[in-house]
Amino acid sequence: MKYVDEFRDPEQAKKILKEIDKLCSEIELKEDRPIQIMEVCGGHTHSIFRYGLNQLLPKKLEFVHGPGCPVCVLPRSVVDNCILIAKHDDVIFTTFGDAMRVPGSSQSLLDIKAEGSDIRMVYSPLDALTIAQKNPDKRVVFFGLGFETTMPSTALSLMQAKKQGVENFYLFCNHITIIPTIKAVLDSPGMRIDGFLGPGHVSLIIGTKPYDFIADDYHKPLVAAGFEPLDILQSVWMILKQLKNGEAIIENQYSRLVHEEGNASALAPIQEVFELREFFEWRGLGSINHSGVKVNDKYKEFDAEVEFDLKEVTVTDPDVCQCGEVLKGVLKPWQCKVFGKECTPEKPLGALMVSTEGACSAQYSYGLNIDLITKK
Amino acid sequence: MCLGVPAQIKEIIDSDNQIAMVDLSGVAREVNIACVLDNTHQAQDLIDKWVLVHVGFALSVVDEEEAHKTLKILDEIGELSATMEDLDQGSR
Ligand code: SF4
């Protein structure tokens with residue numbers, strides 16, 4: 001077993017789709033509208049489009065693409081701060097590839113790389129640490145972003161830097177947390193999501209218990225889901241079953257990796273290095289309390305915000321951008337006025353067009369494809 | 001961003017720094033295994049195990065038994081629809 005192909009079997013998918021179809025027709029909604037399932041994680045958005053699942057599912061069921069693409073929710077001010085740091089002559093700025101093209105107020109990291117700033121794409125924060133060790137006369141900054149999935153790797157890299165006495169390594173920390181984000185979605189006016197596809201890889205860190213409030217207080221089902229087509233279809237089936245039976249519980253489809261209690265060995269470094277920010281500014285969603293983390297005092301010497309004396313500024317998106325509405329599920333990507341016109345993956349105006357996990361980019365790149373599953 | 005890939009641990013190459021070599025779809029790659037170790041699980045126990053790799057870190061060990069259970073459930077959902085078809089055809 002390789003834990004990939006087994007979960008992509010097209011025949012199996014067809015059978016489950018049939019069951020989903022049947023369940024959908026048995027569910028009665030109070031209002032005349034489709035059943036809406038929000039996939040919180042950008043990884044799910046990507047899979048849904050890549051395999052054309054949105055086109056295979058019955059019309060009565062709709063995916064709402066949630067705010068779970070960390071690159072997409074980066075506010076312009078953060079990109080501006082990255083640029084501010086990277087423009088120092090003695091700085092090597094390191095980042096995951098996804099963040100390179102995100103537009104700031106006037107430029108992206110890619111733009112200033114073309115102008116000569118030393119910006120390097122890395123696969124892992126440990127690669128950034130190695131660059132620091134090899135370039136002792138430079139200040140090496142790692143741009144840390146992502147949900148809980150990515151936090152342990154950043155934290156462990158800082159712990160290693162401290163242990164090895166590396167003095168020229170800094171973290172520009174923009175990690176965000178999932179629970180306040182889901183809560184913000186649930187509390188937003190006009191919210192009418194019927195159930196959630198829970199982010200599988202965040203869940204393997206935090207476990208499924210933190211989601212309990214979604215069932216207890218908001219009476220919505222959530223199923224922690226894997227990322228292969230069959231994982232997603234099975235999870236949808238599980239949510240629909242709950243809806244049919246009038247239930248709202250937290251379930252775990254991704255039990256080969258996710259445990260109720262999460263992963264203590266991954267949570268420990270997060271605790272060691274980070275503390276909650278009072279609030280964090282999101283593109284399109286505004287400020288959400290306790291939705292981000294920063295480097296704590298114990299690791300202050302590695303904090304780029306301290307080293308480069310960064311100020312918190314808010315920069316609003318251009319008026320034509322409707323990323324906020326799309327993020328909240330109020331608008332579909334193609335309903336944005338500039339979708340596919342002024343805003344394309346080649347020349348993104350809004351952040352949702354940048355990463356392949358962004359709802360707009362995924363819709364643009366895969367939206368018109370016929371399903372890959374049945375074609376296989 | 002939060003994507004991960006299953007890979008199989010082949011060798012522990014640096015137990016002090018918790019580094020293992022994995023086979024990631026046919027490519028040999030170094031990964032940090034700090035997040036899949038605890039008091040009861042030593043590095044050596046991980047050889048041949050499958051882990052989920054994300055940005056150079058193994059984040060969780062794949063539970064084979066649970067994977068089989070999930071596949072079995074998927075089968076059962078499939079069978080449900082097969083039985084339905086039989087019934088449909090029988091009634092024609
Ligand atoms: S089309 Fe562009 S501007 Fe409009 S919502 Fe999508 S990313 Fe934002």
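Gln253(A) lies in the loop that connects β9 (250-252) to α12 (264-273) in chain A; helices (H or I, at least four residues) and strands (E, at least two) are DSSP runs numbered from the N terminus. The model is predicted, with local features requiring pLDDT of at least 70 and side-chain atom pairs pLDDT 80 or more, whereas totals for chains, interfaces and linings use all residues. Residues are numbered from 1 along each chain, chains are lettered from A, and side-chain values use heavy atoms, without hydrogens and water.

Gln253(A) has a relative accessibility of 2% and is therefore classed as buried (under 20% relative accessible area, 1.4 Å probe, protein chains only). Its side chain makes a polar contact of 3.1 Å with the side chain of Gln234(A) (a pair of N or O atoms within 3.5 Å, one able to donate a hydrogen and the other to accept it). A polar atom of the Gln253(A) side chain is also 3.0 Å from the backbone nitrogen of Gly226(A). Residues in contact with Gln253(A) (heavy atoms within 4.5 Å) include Val223(A), Asp231(A), Met238(A) and, from chain B, Thr70(B).

Helix α12(A) packs against α7 (residues 151-163) of chain A at about 60°, with the axes 8 Å apart; axes are lines fitted to C-alpha atoms over the stretch in contact, and angles run from 0 to 180 degrees between N-to-C directions.

Technical notes: Buried means under 20% relative accessible area, exposed over 50%, partly exposed in between (1.4 Å probe, protein chains only). Lists of a residue's contacts leave out its neighbours within four places in sequence.
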